[in-house]
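Subject: Structure for you to look at

Hello,

Please find the structure below, with the sequence beside it. My notes on what was found follow after it.

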Amino acid sequence: DTDSLFLKGPTKDQIQIVIDWAKKEFGVDLDLDKEYRYVVLSTRKKNYLGVKKDGQVDVKGLTGKKSHTPPFIKKLFYEILEILSKVQSTEDFAQSKEKIGSMISQYAKKLKAKEIPLSELTFNVMISKAPSEYVKIIPQHIRAAKLLESLREIKKGDIISYVKIINKPGVKPVEMARPDEIDSA
């Protein structure tokens with residue numbers, strides 16, 4: 001991480017050695033900020049979760065936590081965090097992985113069976129500029145907004161609620177979508 005250092009199982013003396021070394025070699029002041037029981041790192045920068053000693057889960061950057069994430073995914077994400085918060089040992093972690101895998105399979109089956117209401121699959125993203133200002137790269141929410149323009153005026157600051165569909169353009173405003181169009185892959 002650009003402003004963090006993760007150390008696995010250091011002693012207080014080892015922590016102090018690292019702090020002193022960073023100050024001497026780079027002029028950087030390090031502080032011990034948080035202690036985690038364990039950390040799950042992503043390959044993406046600033047995306048990880050750490051479970052503190054008291055079971056509190058500290059989430060950084062992961063999509064499941066973000067405000068635009070569909071409720072269906074968010075619910076699964078927080079159920080997974082609840083399971084991970086209880087992990088105390090390597091054996092617990094292995095059991096949790098199995099439980100989480102089973103939970104994801106159940107969610108995927110519901111999605112493929114079209115049992116999830118569109119409102120639970122909706123991404124909600126605010127438009128930061130007028131749709132006509134997007135020229136080179138057209139994000140998904142703008143593709144959905146352009147479809148909505150046939151029904152109403154779309155302007156900067158509007159929230160676009162859309163779902164992912166199997167056909168082009170790959171997204172559709174939720175108010176124009178049908179359950180049989182949902183991309184469940």
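F26 is placed in helix α1, which covers residues 12-26. Helices here are DSSP runs of H or I with at least four residues, strands are runs of E with at least two, and both are numbered from the N terminus. This is a predicted model, in which local features need pLDDT of at least 70 and side-chain atom pairs count only at pLDDT 80 or more, while totals for chains, interfaces and linings use all residues. Residues are numbered from 1 along each chain as its sequence is written, and side-chain values use heavy atoms, with hydrogens and water left out.

F26 is exposed, at a relative accessible area of 56%. Exposed means over 50% relative accessible area, buried means under 20%, and partly exposed is in between (1.4 Å probe, protein chains only). Together with W21 and V28, F26 forms a nonpolar patch on the surface, and the three have about 330 Å² of accessible area together. Areas come from the Shrake-Rupley method with a 1.4 Å probe, and for residues only the protein chains shown count as cover. A patch takes residues with over 30% relative accessible area and no salt bridge; nonpolar side chains (Val, Leu, Ile, Met, Phe, Trp, Tyr) are joined within 5 Å, like charges within 9 Å.

Next, the whole chain. There are four helices and six strands, in the order α-β-β-β-α-α-β-α-β-β from the N terminus on. The radius of gyration is 22 Å, well over the 16 Å that the globule rule gives for 185 residues, so the chain is more spread out than a compact globule. That radius is taken over C-alpha atoms, and the rule is 2.2 Å times the number of residues to the power 0.38. Along its principal axes the C-alpha trace spans about 65 × 40 × 20 Å. Of the 185 residues, 31% are buried. The chain exposes about 12600 Å², and carbon and sulfur atoms supply 54% of that area.

Helix α2 runs over residues 71-85, and its 15 residues should span 21 Å at 1.5 Å a residue; the end C-alpha atoms are 21 Å apart, which agrees. The expected span is 1.5 Å times one less than the number of residues. Among the buried residues of α2 are F72, L76, F77, I80 and L84. Their cover includes strands β1 (36-41), β2 (48-52) and β3 (57-60), as well as helix α3 (90-112).

How many salt bridges are there? The count comes to ten, where a salt bridge is a side-chain nitrogen of Lys or Arg within 4 Å of a carboxyl oxygen of Asp or Glu. Side chains of opposite charge can pair when their charged atoms come close.

- K34 and D58 meet at 2.9 Å, N to O. K34 lies in the loop between α1 and β1 and D58 in strand β3, so the pair ties together parts that are 24 residues apart in sequence. K34 is partly exposed at 30% relative accessibility, and D58 is buried at 10%.
- K75 and E79 have their closest N and O atoms 3.2 Å apart. Both lie in α2, four residues apart, about one turn of the helix. E79 is partly exposed, at 27%.
- K155 and D158 have their closest N and O atoms 3.6 Å apart. K155 is partly exposed at 45%, whereas D158 is buried at 15%.

Regards

Notes:
Contact = heavy atoms within 4.5 Å.
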